[in-house]
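Hi,

Here is the model I said I would pass on.

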Amino acid sequence: MVKDGDAAVIHRREDRRNAILDAAEELFLDQGFDRVSLAAIVKRSGGSLATVYDMFGNKQGLLRAMVVRLVDRDLDTNWSTELDAAPPSAQLRELAYRIRGHMCQPKVVALNRIVIQESLRDPAFGRAFHDQVYGGRGEELIECFWQWTQQGRANFDDPVAAVDLYLSIVIGDSQQEALLGVLPNVDRAAIDWRLAPFLTYFKVA
């Protein structure tokens, strides 16, 4: 059980963390990742450099945390629990809507450009970024596919390959188009049409 005093400390720390992320996001998008120093971020957010290093490690850690916050907000890490009463097909459609909606935001596109640029310069950052930001979400979906198959609500003979196929259908060329300035279509009827063969083939209830 968390005591009142401990809860207040946790709350203040979370507020400080969000203030730093808000300041970094504004500066990165306005001035570019390379031109912004940690000192400039602290000047805008308040606090100290020691706090930034303690929470994020370095500027790359800040960028990673910034993207994680956006993904968590838009996709909701508890999407499968939240929609558990709905049929699996409805859950997969809803997740697809959230993914496409997330990808079409100008802020997300701009941050993805920064991530790609930094990954080209530092491949180790790119690999770590992918594993930490998206790896866990893929594993959650794999677990859902496996459970649905065990429950007789779908027939995924290879959940790992099925997740890769699902994401390729949902994302398609839209990520590349977004990076080139063409925002992806978030029309739900179009997304349903793209998903229909997948849901039929794997007998998703």
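**Notes on the aromatics**

Phe125 and Phe129 are both buried. Keep in mind that this is a predicted model. The two rings make an aromatic pair of the tilted kind, with 5.8 Å from centre to centre and 40° between their planes. Both residues belong to helix 8, which runs over residues 123-150. They sit four residues apart there, or about one turn of the helix.

There is another tilted pair to look at, Phe198 with Phe202. Here the centres are 4.9 Å apart and the planes make an angle of 55°. Phe198 is buried, and Phe202 is buried too.

Which cluster do Phe198 and Phe202 belong to? They are part of one aromatic cluster that also takes in Phe145, Trp148, Phe156, Tyr166 and Tyr201. If you want to go through the aromatic pairs yourself, the count comes to eleven.

Lys59 lies over the face of Phe33, 4.6 Å from the ring centre.

As for annotation, the UniProt record, an unreviewed entry, has "domain: HTH tetR-type" over residues 14-74. In the model, that stretch is 82% helix and 0% strand.

Cheers

How values were computed. Residues are numbered from 1 along each chain as its sequence is written. This is a predicted model: local features need pLDDT of at least 70, side-chain atom pairs count only at pLDDT 80 or more; totals for chains, interfaces and linings use all residues. Side-chain values use heavy atoms; hydrogens and water are left out. UniProt positions are given in the numbering used here, feature names are shortened, and annotations may be inferred rather than shown by experiment. Helices (H or I, at least four residues) and strands (E, at least two) are DSSP runs, numbered from the N terminus. Rings of Phe, Tyr and Trp (its six-membered ring) pair if their centres lie within 6.5 Å; planes under 30 degrees apart count as stacked, over 60 as edge-to-face and the rest as tilted. Buried means under 20% relative accessible area, exposed over 50%, partly exposed in between (1.4 Å probe, protein chains only). A charge sits over a ring if NZ of Lys or CZ of Arg is within 6 Å of the ring centre and within 35 degrees of the ring normal.
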